[in-house]
Amino acid sequence: ALPILKRQREEYERLQKSVINLSAKLEQAMREISRLQEDTDRANKRASASERENQRLELQMKDLSQQLRVLLMELEEARGNHVVRDEEVNSSDISSSSEVITQHLVTYRNIEELQQQNQRLLVTLRELGEAKERDRK
């Protein structure tokens, strides 16, 4: 009976060391999973921010392109050349805020129009800022 108890005791101690070893490995794996999840979260946030920045830059490029086209048409007309203009968009066709901005705030034909649009944009920007402040409260 004594040799059997001794073997069982040795087996118990071996299994206990194995459990301690496996527990340590599990804890290490859990820390690694947590670190990788944090890395993934940071990468997803960066990707999301980059996507928003990309969309903003694409819209800015579109606006600048449209401004350039209008100014080039004005230049050609000033040189006495005939310019075929894009048909004006009917107000009833405008369905989004982006289209309203494009139609009424992006292009200008001279410095006076640019200054007037700048004033409208500043007023709108201040109103949006005030609305955002109110929403935060």
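Hi everyone, thanks for coming. Please keep in mind that what you see is a predicted model.

Let's start with the overall build. The protein has three helices and zero strands, and from the N terminus on the order is α-α-α. How spread out is the protein, going by its radius of gyration? The value is 34 Å, whereas the globule rule gives 14 Å for 137 residues, so the protein is more spread out than a compact globule.

Of the 137 residues, 9% are buried. If we take the contacts with a separation of 6 or more, 41% of them come from residues 24 or more positions apart.

On to charge. I count 24 positive and 26 negative side chains here, and the centres of the two sets lie 13 Å apart. As a reminder, side chains of opposite charge can pair when their charged atoms come close. How many salt bridges does the structure hold? There are nine, and I'd like to walk you through a few in helix H1, which covers residues 2-78.

Here is one: Arg31 and Glu27 join their side chains in a salt bridge at 3.0 Å, N to O. These two sit four residues apart in helix H1, about one turn of the helix. Arg31 is exposed, at 51% relative accessible area, while Glu27 is partly exposed, at 48%.

Next, please find Arg56 and Glu53, whose side chains form a salt bridge at 2.7 Å, N to O. Why are they separated by about one helical turn? Because they are three residues apart in helix H1. Arg56 is partly exposed, with a relative accessible area of 43%, and Glu53 is partly exposed too, at 35%.

Some salt bridges share partners, and these join Glu32, Arg35, Asp39 and Arg42 into one network. Within that group, the side chains of Asp39 and Arg42 meet at 2.4 Å, N to O. Both belong to helix H1, three residues apart, again about one turn. Asp39 has 26% relative accessibility and counts as partly exposed; Arg42 is partly exposed as well, at 43%.

That's my tour, and I'm happy to take questions.

Definitions and conventions
Residues numbered from 1 in each chain as written. Predicted model: local features only at pLDDT ≥ 70, side-chain atom pairs only at ≥ 80, totals over all residues. Heavy atoms only, no water. Rg over C-alpha atoms; globule rule 2.2 N^0.38 Å. Buried < 20%, exposed > 50% of the residue type's maximum accessible area, 1.4 Å probe, protein only. Contact = heavy atoms within 4.5 Å. Lys, Arg positive; Asp, Glu negative; His and termini not counted. Charge placed at Lys NZ, Arg CZ, Asp CG, Glu CD. Salt bridge = Lys/Arg side-chain N within 4 Å of Asp/Glu carboxyl O.
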